[in-house]
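Please keep the sequence and the structure in view while reading.

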Amino acid sequence: MRSPDSPKPRVADVRFEHRRGALGLGVDRPRISWTVEVGLPDWRQAGYEIQARGPDCQLLAETGPVKSGESVLVPWPFEPLRSRQLVDVCVRTWGIEGPASDWSEPYRLEAGLLTAGDWSACFITPCWDEDTSRSQPGPLLRKEFSVRPGMTHARLYVTALGVFETQLNGEAVGDHVMDPGWTSYAHRLRYQTFDVTSLLHEGCNVFGAMLGDGWYRGRLGWDGGRRNCYGDRLALLAQIEIAYADGTAQRVVTDESWRAVRGPILASDIYDGETYDARLEQPGWSTAGSDDASWAPVLVVPGDLATLVAPDTPPVRRIETLRPASVTTSPSGSTIIDFGQNVVGRVRFTVSGEEGQTITLRHAEVLEDGELCMRPLRTAKATDRYILKGTGQETWEPRFTFHGFRYVQIDGWPGTLAAEDISAIVCHSDLERTGWFESSDPLLNRFHENTVWSMRGNFLDVPTDCPQRDERLGWTGDIQLFSPTACFLYNSAGFLSSWLSDLAADQGADGAVPFVVPNILMVPPVGAAGWGEAAVVIPWILYQRYGDTGILAGQFDSMRAWVDHLARLSGDALLLDSGFQFGDWLDPAAPPDDPAAARTDPYLVATAYFARSVGLVARAALVLGRDKDSTHYQTLAAKVRDAFARQFITPAGRLLSDTPTAYALALQFDLLSDAEQRRQAGLRLAALVRASRYRISTGLLGTPVICDALCRAGQYETAFRLFNERRCPSWLYPVTMGATTIWERWDSVRPDGAINPGAMTSFNHYALGSVADWLYRTVGGLAPAEPGYRRLAIQPRPGGNLTHAQVRHRTPYGMAACRWQIEGECIEVEILIPPNTTATVNLPGSDSDPLEVGSGAHYWHYPYRRSDRRPAPSLDSTLDDLCTDPPAWNAVLSWLLTYAPGLMGQVVTTQRTRGFVPLRQILSSASHPSELLAVLLTQLDDLGE
C-alpha cells in the first residue's frame, strides 16, 4: 500500500543494453535498465511505466502501468527501432510501499545504421603503391562539400581498415584513440557514430581523415611477428548524413571524388612506435581553401558492409595525465623520466628547437643498473621520434601507437628538459569504475591498486596479456582467470561480450578455441584447457555479475561447441590425456626458459577444467530453458567427474599429482565425490601450503583458486597466511620490491634487484591479480547470491593482521557496500544494500543464524574474538606457527644450533612435511637439561611479551 508521507523514489541512471552513451546503438530492441534512489528502507519495486517520445517531445508509445519488480535489462516494450531513429525514454516506478516516483528525466537513445543497405559510402584507399613489408607513411584524405541553410543535425558514421582519426573544418571529431579498435575484422568491423552538428556550418566544409597501420596491417606477434595479418591496404569508410528543417537530407560519403596525400607520420607501429616529421605537415589540410590540386586520387576497394557492427564496448580514450615523478641522468649520460607508475599510453611534450632536430623517446617498464631495461620488450622497439619544424613552440603526442612504460629516455632534446614540458597520457577503454577495496594493510592496498592499474593497461580495446612487448594479444587463458575481478572493478559487460563475439567468430569449425582472440597466430586452434575455457567461463561470469541471459543465449553455441570439441578429444575414456596442454603454466618451480614445466600433471588440469566446463554449459542450458541440452550436459559432466576420479583420485582422497594446484582445482570444481574425500583434500592442501612456508607453489591456473579452495575446506587461517606472505614467491613480494602493476612472474625482479632473465618477463600482466576477487568476496564479504546481485551474500571474514576492510561495488541495482572494523574486543559491521534487492548476512565471529535484510543501511556492533589470533610463541606452538613468526623461528634455530645441532635437520624436515607438529614433541625425543630448555622458553616468552 502506498503512503503519500513516505519518501518519494527517484529513477536515475537509465541505460540501454550495457552502454552509458546511447548514440549509434546497434540493436533495434535495446533492453532498458534503471536504478532507484529512495530513502525508504527495504524498498522493493512493485511496478513501472515507460514512455518513448520523439525529439519534438511527441509521445510515440507508452507501456502503461506494468506490475513487475524488474529494473535491469527490461525487454524493449515498443516497436523495433529503425536505423537512425532518435527516441527519448522516460521511466517512473513505484514500490510495494510508498508513493510513485516522478517521471525520470528523458534519456536519449539513437539507433545507428542497422543494415548494410543503410550505407552508400565505399571503402577508399590512396592510389599509390606501397612497400607493405615495412611500416608506411600514414595518408591524409580529404573532401570538400557544401552545407545548405537550415541544417538541424548531422551524424558521422565512420570506420577504417587500419586505425583512423577524423577532422571537420580543422577540428578533431570526438576524443577516441585507436578507432575502430581491434576485432576479427573479416567477421566484425566496428564503426563509430558521432554527432557532428556543431562542427559544420553553412557553406563550404572540409572532412579530413588520417590513417595508420594499427592492428590491421601492422606487425603482430613475437619472434619478429608478421605484417598485413588482415590486409595490405589501408582504407576509409565514412558517411556524413545532414538533416534539414525542410525534411530533406544530404549525404557526404567516401567515393572516388576524395583526394589523398602522404602525411607527416612517416611510420606508425603498435610495437615499434611512431615517427613524425612536422616539416611535412599540410597546414589547413582539413579546412576550406586549402589547395589539394597536387594531391593524388583515391581508389575504391572491396569491403563487406555486412561485417559492420556498432560497438558494444566503450571507446579507448585519454583517461589521465601524469606528470614526471623525477627527471634524472643515467650513468651513460641519458635523460630518464620516471613517471612513478607503470602506465599504458604515450608521451606528450612541448618543445622549441631548430628545424630538423630529432627528439627520440624510448620507453621501458624498469631500469637495470640505472639504464632503460629494453630486453623484456624483445623485438618491440617502443621508440617514438619527432622531427621539429622549427617554427616556435611545438606540442606533439603520437596518434597510432601506445606503449607500456614507467620510464622514458629522451635523446635529442634541445636545451634543458623541464618536468613541466612533458607528461604521460594514460589510455585505455573508457570503462566505468564500479568496484573499490581498502584495508588496514598498506601493502594489501597497494597490491589492489596494482591490480587496478594492470587491468587499465591491458583493457585497451582487447583484454591483452601485456601491453609493452612484441605480443599484446588477447590471450584467452589470462582473461578467463581475471574476468571475475574485471567485472567487480569496472563495468566490463559490453567490453567482454564484444570480445566474446570475436572469440566465437574465430573459433574453429570443430569448436576449438584459439589461444588468442582476435586470432593472428599461424597455428590451428587446439583443445588447450584453461585457455579455451574462456568460451564457457566468461559468459557464465557475465551472467552471474550482470544477470544478462542475452549474453548466455548469444554465446551458447560457442560454449557448447567448445565442450563438444573436448568430448571428442577425450574419447570413450573422457580423459584429456594426450596432446598439447599449457597446464599449470608458470609454476614458480619452472625454469625461466620452460614455463610449462609445472609440478602438476597437465592432463589432470585439463580434465578438471573439462569437467567444470561441461557443468557450466549444463547450467547455462537450464537458465535458457534448453532442458534437453541441460540434461545431456549434466549427464556428460557426471561422467567426466567419474573419469577424473578413477584416473586421478585415490580412495583416500589423495591426488595423482600431490600438489596444491591439483587439490585446489579438485575442491573448487567439485571433483571429490564425498565429504570425507573433501575433508582429506582440504587437510592435504593446507599441509602442502604450510610445507611451502606459505609461499606460492601454484602456476597460472592454480593460483586464482587456491585461497577459495582453502576457505571452502575451512582452512581460512592458512589462506590468510598464504596471501599475507611477503617472501618470494608471493602476491605481496612484488609490492615490497616497488611494483606498481601486477607482474607476469613472481620474480620478474629478483630479491637482489636483478631482472629475471627469462624471455617472458612482463611487469604488467593482470592474471596473477585474479585473487583480488577473493578479497572482495571473502575479506570484504560482498558477493552476488543471485545473478546480477538481485540478492547479495554478505559474509566478511577478518583474518591475517587486518583490523578493518571495506568493499564497495556499483551493482546493476545501485551501490552495495560492506565495511568491518575491529577495535579491542569488539567488531562493527556496516553494510549498504541497494534498493530493489535483498541480502543474506553472515556476521563474522557470530553463532547466530544468517540474517535476511532488505535494502538500506544496516549496522552491528558486538563482542568479537579473532579466531585466527596467534598465541604467543611457546614450546607448544606448532612448527608452522613458529616458522611464520620470523623472530620466534630464528630463536628456535639459534637455540638448536647452540644446544642441539643434531636435531636441526629433523626440525626443518618435519616443518616442511608435518608442520602441525608442536615443538615440544620434537624436543621430547631427546633429553636436554631443564636449564637449557628454560633458555629457549625464556627467549620465546620475551618474544611473546
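Strand β4 (residues 45–53) and strand β7 (residues 86–95) pair in the antiparallel sense over eight bridges; two strands count as paired if DSSP finds at least two bridges between them. Strands here are DSSP runs of E with at least two residues, helices are runs of H or I with at least four, and both are numbered from the N terminus. Within this pairing, A52 lies opposite V89 of β7. The model is a predicted one, in which local features need pLDDT of at least 70 and side-chain atom pairs count only at pLDDT 80 or more, while totals for chains, interfaces and linings use all residues. Residues are numbered from 1 along each chain as its sequence is written, and side-chain values use heavy atoms, leaving out hydrogens and water.

Five residues lie between the strands in the hairpin of β4 and β5, and C57 takes a positive phi near 70°. Seven of the nine residues of β4 are buried, so this strand is largely enclosed by the rest of the structure; buried means under 20% relative accessible area, with a 1.4 Å probe and protein chains only.

Elsewhere, an open antiparallel sheet of five strands has the order β35-β40-β41-β42-β45. Its edges are β35 (435–439) and β45 (856–863); each has a single partner strand, so one side of each is left without a neighbour in the sheet. From one strand to the next, the twist averages 5°. Strand β35 is joined to the antiparallel strand β40 (residues 804–811) by five bridges, and W436 faces R808 across that pairing. Helix α14 (residues 772–779) packs on this sheet, touching β35, β40 and β41 (814–823), and its direction makes about 75° with that of β35. Touching means contact, that is, heavy atoms within 4.5 Å.

Helix α5 (residues 534–546) packs against helix α6 (residues 549–570) at about 160°, their axes 8 Å apart. Axes are lines fitted to C-alpha atoms, for helices over the stretch in contact, and angles run from 0 to 180 degrees between N-to-C directions. This makes α5 roughly antiparallel to α6, a term for angles over 145 degrees. Among the residues that meet are P539 and W540 in α5, and M559 and W562 in α6.

Definitions and conventions
Angles under 35 degrees count as roughly parallel, over 145 as roughly antiparallel, 65 to 115 as roughly perpendicular and the rest as oblique. Buried means under 20% relative accessible area, exposed over 50%, partly exposed in between (1.4 Å probe, protein chains only).
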